Amino acid sequence: YALGGYLGSDLEQVLPVVSDILDPQRRQSVAEVLAIDTSGSMGACHCAEGSNGMPSAGNRSMGGINKTDISRAGAARAIDALSERDEIGVLAIDTDESWVIDLQQLPAEDVVTSGLRELHPTGQGTDLTRSLATAAEALRSSNASLKHIILFTDGFTDVPVLTALADEAAGLREEGITVSVLATGEGSAAELGAIAEAGGGRFYPGRNLEEIPQIMQ
C-alpha cells in the first residue's frame, strides 16, 4: 500500500486511509546511501542481456535513455520518499568513489538537484571494491534506526570483486547495515544477487529501465 503501491496515486486520494506512516513515534528514522555506478558503460542504453566484461554486453551507445539518466531519476524519487528526519548520501563510483551528496539529514531541494546533476558517465572503468566500505564508513556515524545501502550498477567488473563484496555485505549486515542491489539486467546478475542476499536486502534485476525509478523508490 505504501511505496510502489497506492502512495501518491490518484487512488490514494479517495481511500479512507493514508498509505504512509505519519506518527513519528512509529516511523523509524532511515540513513541511506545510494551508491551509483557512473562508469563508461553506464552511458549506454541497456537493450538486451549480455555477458559480464564483453564489449557489447547488451549495451547500445545510441538510442534509448542511458543508464545514468535512469539512475538519476531513480535517486530523485528515492530521496523524495524520505522524511525530514531521515539521512541521505549519494556516492558516485567508477574507478574511484566520490560523494555528490555527503551523508546528511535530508537536505534542501536545491542541494539534492545540484548533487544529482553531478551523476554522469565518466568514461572510466568500474571498480566496486571500495563501494560498500566507503558507504558503510559514513553510515557508521549515523544514529538512524535503519541503515541501508542501495548499489546501482550494471555489473561490468571482475567477478571476484563481486564475490568479495558479498562477503563484505554479510559482515555489514551483522553491524546492522543492510545492502540492496539494483542491477540493469545484464552483467553478472547471479553475483550481484548474492551481494543483496548476503546483505539482508533485496535484488532487483532491472531489465525494464523504465521501471527502475519506481523500484529504487
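Lys67 is buried (under 20% relative accessible area, against over 50% for exposed and in between for partly exposed, with a 1.4 Å probe and protein chains only), its relative accessible area being 0%. The model is predicted, with local features needing pLDDT of at least 70, side-chain atom pairs counting only at pLDDT 80 or more, and totals for chains, interfaces and linings using all residues. Residues are numbered from 1 along each chain as its sequence is written, and side-chain values use heavy atoms, with hydrogens and water left out.

The structure contains 3 salt bridges, a salt bridge being a side-chain nitrogen of Lys or Arg within 4 Å of a carboxyl oxygen of Asp or Glu. In one of them, Lys67 pairs with Asp154 at 2.9 Å, N to O. Asp154 is in the loop between strand S6 (146–153) and helix H5 (159–175), and Lys67 is in helix H2, so the pair ties together parts 87 residues apart in sequence. Helices (H or I, at least four residues) and strands (E, at least two) are DSSP runs, numbered from the N terminus. Asp154 also counts as buried, at 0% relative accessibility.

A salt bridge also joins the side chains of Asp69 and Arg72 (2.8 Å, N to O). Both residues belong to helix H2, 3 residues apart, about one turn of the helix. Asp69 is partly exposed at 34%, as is Arg72 at 23%.

Arg140 and Glu175 form a salt bridge through their side chains (2.8 Å, N to O). This pair links distant parts of the chain, 35 residues apart: Arg140 in the loop between helix H4 (131–139) and S6, and Glu175 in helix H5. Arg140 is partly exposed at 45%, and Glu175 is partly exposed at 47%.
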